[in-house]
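Here's a quick tour of the structure you're about to see. Take a moment to turn it around on your screen before reading on.

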There are 2 protein chains.
Amino acid sequence: MTIAASRPVTAVRHTAAVPSAPVRELDGVTRTAVVGPLALEAGGKLPEVTLAYETWGTLDADGGNAVLIQHALTGSAHAARGDSDEDGWWDGLIGPGRTIDTDRFFVVSINIVGGCNGSTGPASPAPDGRPWGSRFPFITLRDAAAAEARLADRLGIRQWFAVVGGSMGGARALEWAATFPERVRKCAVIAVGAHSTAEQIALAQAQTLAIRQDPDFRDGDYYDGAAPESGLALARRIAHISYRSEAELEARFSRKAQDGEQPLNAASLAERGRYQVESYLDHQGAKLVRRFDANSYIALTEALMSHDVGRGRGGVEAALADSPVEFFIAAVETDRLYLPVQSAVLAAALPGEVPVHHIASAIGHDGFLTEAEQLGALLKRTLFS
Amino acid sequence: MTIAASRPVTAVRHTAAVPSAPVRELDGVTRTAVVGPLALEAGGKLPEVTLAYETWGTLDADGGNAVLIQHALTGSAHAARGDSDEDGWWDGLIGPGRTIDTDRFFVVSINIVGGCNGSTGPASPAPDGRPWGSRFPFITLRDAAAAEARLADRLGIRQWFAVVGGSMGGARALEWAATFPERVRKCAVIAVGAHSTAEQIALAQAQTLAIRQDPDFRDGDYYDGAAPESGLALARRIAHISYRSEAELEARFSRKAQDGEQPLNAASLAERGRYQVESYLDHQGAKLVRRFDANSYIALTEALMSHDVGRGRGGVEAALADSPVEFFIAAVETDRLYLPVQSAVLAAALPGEVPVHHIASAIGHDGFLTEAEQLGALLKRTLFS
């Protein structure tokens, strides 16, 4: 296994700190590690897996202050700004003086295998030098945890102080806790349940079909031509509607027309103007297309469809009944994709009395991102007290 | 205007009835009427509109017993079995001895203009003899009511005893009452609000894009080749998820694998087996593709997006404030597409104290169809007492 910095480590972040402090890596800068071959739960194999990751802070001598932050479906390892020029997706939760205090903890975030932000995924070269494309094997969140455990070994982390994630990141955190209970002291599972439900699978299928039915998809082997952007953008629209509450969409957009457009006009069906909410979703789709690979979207969506912490373990309750891990469970009150009741079912399956914390937000599922500071306050009173 | 029977009227339904009873048309058999040119709200024009319709029972001498039944998005005029061999979609509500008693009422149901079950729609020939396709003009529910009023004239119906519909059919009923208040005594608006909301528009956009992005769609001019079946089936999947409650999908399918298939297998992303809920939605899509035209799906979805009874009338309240119509408003308790609160907002905008009746059903929006007898009991106590 090798670890390479994506840019030279030329600065120490706290230049005014104790002179004898060890030189450390830049915070919030992507590095990669090759963690070797990976035999997969569904029977496939990746002959060599590279994981992209970022870190913040410094690992204690005893390795006891490491926190793993797991990103969601289209996220990346850039959870916090650190020394970079780019905002992180959980800056309100992670940073100096924040709940997950990078002056105290050694924080790690890893791009999931199958993704497209530096880790091995469908766009990566297969052994023959061509992109994996349609040949990329089926991966599960359990496979992802297995690969990440190797990176933890390499970083000298025997046990995480905590593994924390929301949405698919929460499912990844839960799988870590169930797969390696001796390596996880505390685990925060936010805005996701113990397994994907029929509705979540149904919505996921619609999204993957939207991509597969794009003529540019060409069965997944499109890297020598146009990417299936229309299909990916449609998938994102479907997903984004489910990430937001009905009330939020109505309050923001109601049935207003997009500026300068006429949803009712004299033209034929082919030329209708848009409502604002259509323009908004067009924008969400276009934004994702610029930063995400369609095959990765399928691979990770299907990995999330496979989410079931009880699979092969006698069911959810049996999988968690004897867990030594200290759990934090939270749901967004208005989440209509990962319903709070699903978090309650998960909490009930855990040993002891585990409460479900509620994130107050009007916007729905995405509240786990937008309410990072509120979530931080809840975690401060619990796992990070 | 001409009226043609789709098959010869050779039988009288109640052969044992009073010998002097007038010979009447067959019940539940599609006929068509040409109602002339139609200038459209959005500025377009249809030079000649044919409406397909069915009737049940006999119109009273004073024309006071006519009931109009409005179908939903992919429905047809075949609301009840009548003399046909095919079940109707509201048999539990309409028929001899049912709440909408065809021995008492003259019941009419009309395929909406833009549809594909006999009325003029995108698949119909334009004046040049080729299908309208992409040239089909934008229609609204108000246009549809205008066309239907001409058919009512032809049938000798000056005022409907009641206009009744659910989902898009409810929106059609509401538009009838608002556009022709003097022609509607009573109106039942079931499982739909006063206007389409941001979320309903957003879900509709995803569905129309699913069709438009099918390579077989060819901008809507596909009638000389393959139909955009994959796109229409995807649209239906998206819609069907919204028609059903999360709880119903979970109770029926959870995350069970389809018989003989492996959602987790060794194959590549391209060859994964399905979960049961995916197979179920594939089936829903395939069923619709066999009976519905993709352009009609777009035309009617966009007509429904345009639904706003307050448009051009000073808003919803002003549009309905002085309505002489007796309204019945009902919502399905678990409907997550047309939320009960939207029915409550509509009821509050009506003059007087109008209650919202609740249809008890675990399955969501489609409860307005599956709970036809329960709905019939509610209507029996109110409009049809």
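How many residue pairs are in polar contact across the interface of chain B and chain A? The rule finds 24 of them, counting pairs with both residues at pLDDT 80 or more. Keep in mind that this is a predicted model, so treat what follows as a reading of a prediction.

**Where the two chains meet**

- On the chain B side, 63 residues are in contact with 63 residues of chain A.
- Put together, chain B and chain A bury about 4900 Å² between them, and 63% of that is on carbon and sulfur atoms.
- There are 6 salt bridges between chain B and chain A.
- In one salt bridge, the side chain of Asp308(B) meets that of Arg255(A), at 3.5 Å from N to O.

**What chain B brings to the contact**

- Five helices of chain B, namely H3 (198-212), H4 (229-243), H5 (246-253), H6 (276-291) and H7 (294-305), are the elements that give two or more residues to the side touching chain A.
- H3(B) gives the largest share of that side, with 10 residues.
- Sort the residues on this side of chain B by class and you get 30 nonpolar, 18 polar and 15 charged.

**How the copies are arranged**

- Turn chain B by 180°, with a shift of 0.0 Å along the axis, and it can be laid on chain A with an RMSD of 0.0 Å.
- The two copies are therefore related as by a two-fold rotation axis.
- The copies meet through the same surface, because 100% of the interface residues of chain B are also interface residues in chain A.

**Inside chain A: two domains**

- Chain A is divided into domain 1, made of 31-196 + 308-381, and domain 2, covering 200-303.
- Taken over C-alpha atoms, the centres of domain 1 and domain 2 of chain A are 26 Å apart.
- Where these domains touch, 33 residues of domain 1 of chain A are in contact with 29 residues of domain 2 of chain A.
- About 2400 Å² is buried between domain 1 and domain 2 of chain A, with carbon and sulfur atoms giving 59% of it.
- Leu73(A), Thr74(A) and Arg336(A) are the residues of domain 1 that lose the most area to domain 2, together 26% of what that side buries.
- Across the interface of domain 1 and domain 2 of chain A, the rule finds 15 residue pairs in polar contact, again with both residues at pLDDT 80 or more.
- By class, the side of domain 1 of chain A that touches domain 2 has 17 nonpolar, 14 polar and 2 charged residues.
- The count of salt bridges between domain 1 and domain 2 of chain A is 1.
- Look also at Asp366(A) and Arg244(A), whose side chains meet in a salt bridge at 3.1 Å, N to O.

**Salt bridges overall**

- Over all chains, the count comes to 46 salt bridges.
- One to find on your screen joins Glu175(A) and Arg142(A), with their closest N and O atoms 3.1 Å apart.
- Glu175(A) sits in helix H2 (residues 168-179) of chain A and Arg142(A) in helix H1 (residues 141-155) of chain A, so this pair ties together parts that are 33 residues apart in sequence.

Key
Residues numbered from 1 in each chain as written. Chains lettered and ligands numbered in written order. Predicted model: local features only at pLDDT ≥ 70, side-chain atom pairs only at ≥ 80, totals over all residues. Heavy atoms only, no water. Contact = heavy atoms within 4.5 Å. Buried area = accessible area lost by both parts, 1.4 Å probe. Salt bridge = Lys/Arg side-chain N within 4 Å of Asp/Glu carboxyl O. Polar contact = N/O pair within 3.5 Å; in protein donor to acceptor, adjacent residues only side chain to side chain. Helix = DSSP H or I, 4+ residues; strand = E, 2+ residues; numbered from the N terminus. Nonpolar A, V, L, I, M, F, W, Y, C, P; charged D, E, K, R; others polar. Least-squares fit on C-alpha atoms with pLDDT ≥ 70 in both. Domains from an automatic or database assignment.
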